[in-house]
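Reader: Hi! I have a structure open and would like to go through it with you. Could you walk me through some of its details?

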Amino acid sequence: MKKNFPYERFQRQLILKDFGEEAQQKLLNAKVLIIGAGGLGCPALQYLAAIGVGNIGIVDGDRVSMSNLHRQILFDVNDIGKLKTEAVKEKIHLQNDMTVVSIYSNEINQSNAFEIIKKYDVLLDCTDNFIARYLINDACIILNKPLVFGAVFQYEGQLSVFNYEQAVINYRDLFPVSPNAADAPNCAENGVFNIVTGIIGTMQAGEAVKIITGLGEVLSNKLLTYNALRSSFYTIDILENKSMYLNAPTNENEFNVFNYDQFCGLNKDELTAEEFDLLVHQKNVQLIDIRNEDELPKISELNALQIPLTILKNNIHQLDKEKKIILFCHSGIRTQTALDILHDEFQMNNVSHLKGGIIKWLDYKATK
């Protein structure tokens with residue numbers, strides 16, 4: 001679809017060799033999604049709007065805080081407390097009122113990823129956590145969308161392009177096994193040099209422009225690393241890692257049930273006695289007692305369905321997949337086995353268990 005654009009606005013790039021009106025039209029027709037409006041997302045957003053991308057989507061559920069301002073350059077003190085998506089939309093419209101901006105003021109997750117991502121031509125992963133990176137990567141592979149990846153740590157940054165044209169390399173080839181998300185470094189604890197986020201975020205925008213226009217050589221199947229203290233860049237080839245296919249969803253159904261928390265080492269399957277106590281009477285919760293019928297103590301107040309571990313596999317039909325299922329036993333040992341069965345054999349990811357078992361909850365109740 002041909003769109004009219006003001007020549008004066010884009011004159012400096014239109015006169016570039018190999019750019020011209022054809023490249024500008026491709027940019028105006030393009031739809032680019034930026035996931036994460038932080039240190040990487042802000043410069044990427046600013047440059048993509050300035051160069052004339054016609055449709056930009058922004059996914060972020062955070063609000064602007066004072067600690068963001070040193071690296072998230074689209075924001076100022078007047079934006080503190082605002083949703084990042086709304087603040088960014090205002091700034092982009094002031095910079096280029098031709099750009100159509102769509103905002104998604106929630107974190108990317110399994111329930112919204114496909115619906116959002118399928119609308120766009122190119123994606124930029126500007127997130128800062130492993131769960132989001134694997135989730136975005138997998139969705140892009142299944143939907144066949146090119147993905148521009150960026151990451152920073154202290155004085156260093158990384159950049160790559162995954163799933164571009166016939167390329168076979170993706171994020172799982174680079175990191176087939178996730179670092180433990182709970183132990184992974186983050187800028188809040190380890191710090192980050194704001195110049196690095198600006199450089200990598202801007203380079204992500206550059207790769208997106210090359211993908212859209214066909215200019216230059218896209219950084220596909222390669223990883224670029226930048227070190228600000230040495231002012232050095234180096235690029236390495238990424239090789240296909242067959243082992244990554246053992247742990248990756250291959251279609252939308254597998255994606256929806258894949259346990260990213262577990263894959264990235266976040267054990268959200270465990271509930272403390274306090275967390276358990278807050279959930280036991282909620283309507284969207286189903287309690288399953290996997291103890292044997294003759295075990296004590298009897299807990300009639302919990303209104304739990306009793307399915308002993310020994311017959312759990314034959315009674316899966318009694319579990320309500322529309323509810324949050326919480327397992328409990330005497331001391332929490334058998335429920336871990338039950339969790340493994342439900343996760344591995346029945347692909348159920350709506351299940352958690354009471355850490356320490358029912359005796360831990362009774363102790364909590366006694367001291368409450």
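Author: Happy to. Let's begin with strand 10 and strand 11, which pair in the parallel sense over two bridges. Strands here are DSSP runs of E of at least two residues, helices are runs of H or I of at least four, and both are numbered from the N terminus. Two strands pair if DSSP finds at least two bridges between them. This is a predicted model: local features need pLDDT of at least 70, side-chain atom pairs count only at pLDDT 80 or more, and totals for chains, interfaces and linings use all residues. Residues are numbered from 1 along each chain as its sequence is written, and side-chain values use heavy atoms, with hydrogens and water left out.

Reader: Thanks. Which residue stands opposite leucine 305 in strand 11?

Author: That is isoleucine 288.

Reader: And what is the strand order in the open sheet of five strands?

Author: The order is 9-13-12-10-11, with parallel pairing. Strand 9 (270–271) and strand 11 are the edge strands, each pairing on one side only.

Reader: What sits in the loop between strand 10 and strand 11?

Author: Asparagine 303 is one of the residues there. Its phi is positive, about 55°, although asparagine 303 is not a glycine. Proline 297 is found in that loop too, between strand 10 (285–289) and strand 11 (305–306). The peptide bond from leucine 296 to proline 297 is cis, with omega near 0°.

Reader: Is asparagine 303 buried or exposed?

Author: Asparagine 303 is exposed, with a relative accessible area of 70%. The cut-offs are under 20% relative accessible area for buried and over 50% for exposed, with partly exposed in between (1.4 Å probe, protein chains only).

Reader: Where is serine 231, and what is its phi?

Author: Serine 231 is in the loop between strand 7 (222–227) and strand 8 (232–237). Serine 231 has a positive phi of about 50° and is not a glycine. Serine 231 is exposed, with a relative accessible area of 60%.

Reader: Let's go to buried loop residues. What about isoleucine 307?

Author: Isoleucine 307 counts as buried, at 0% relative accessibility. Its place is the loop between strand 11 and strand 12 (324–328). From isoleucine 307 to leucine 319 the C-alpha distance is 9.7 Å, and the two are twelve residues apart in sequence.

Author: Aspartate 269 is another one to look at, in the loop between helix 11 and strand 9. Aspartate 269 is buried, with a relative accessible area of 11%. Along the chain, aspartate 269 and valine 351 are 82 residues apart, while their C-alpha atoms are separated by 6.7 Å.

Reader: Changing topic: how does strand 1 pair?

Author: Strand 1 pairs with strand 4 (residues 122–125) in the parallel sense over four bridges, and valine 32 stands opposite valine 122 in strand 4. Strand 1 also pairs in the parallel sense with strand 2 (residues 55–59), over five bridges. From strand 1 the chain crosses through helix 3 (residues 41–51) to strand 2, and this β-α-β crossover is right-handed. Right-handed means that, with the strands pointing away from the viewer, the path from the first strand over the helix to the second runs clockwise.

Reader: How many residues of strand 1 are buried?

Author: Four of the five residues of strand 1 (residues 31–35) are buried.

Reader: How long is helix 9?

Author: Helix 9 (residues 194–213) has 20 residues and reaches 29 Å from its first C-alpha to its last. That is close to the 28 Å expected, where the expected span is 1.5 Å times one less than the number of residues. Its buried residues include Val196, Ile200, Ala208 and Ile212.

Reader: What follows helix 9?

Author: Glycine 214 follows helix 9, and its phi is positive, near 85°.

Reader: Last one: what are the overall numbers?

Author: The protein has 14 helices and 13 strands. Its C-alpha trace spans about 85 × 45 × 45 Å along the principal axes. Of the 368 residues of the protein, 49% count as buried.
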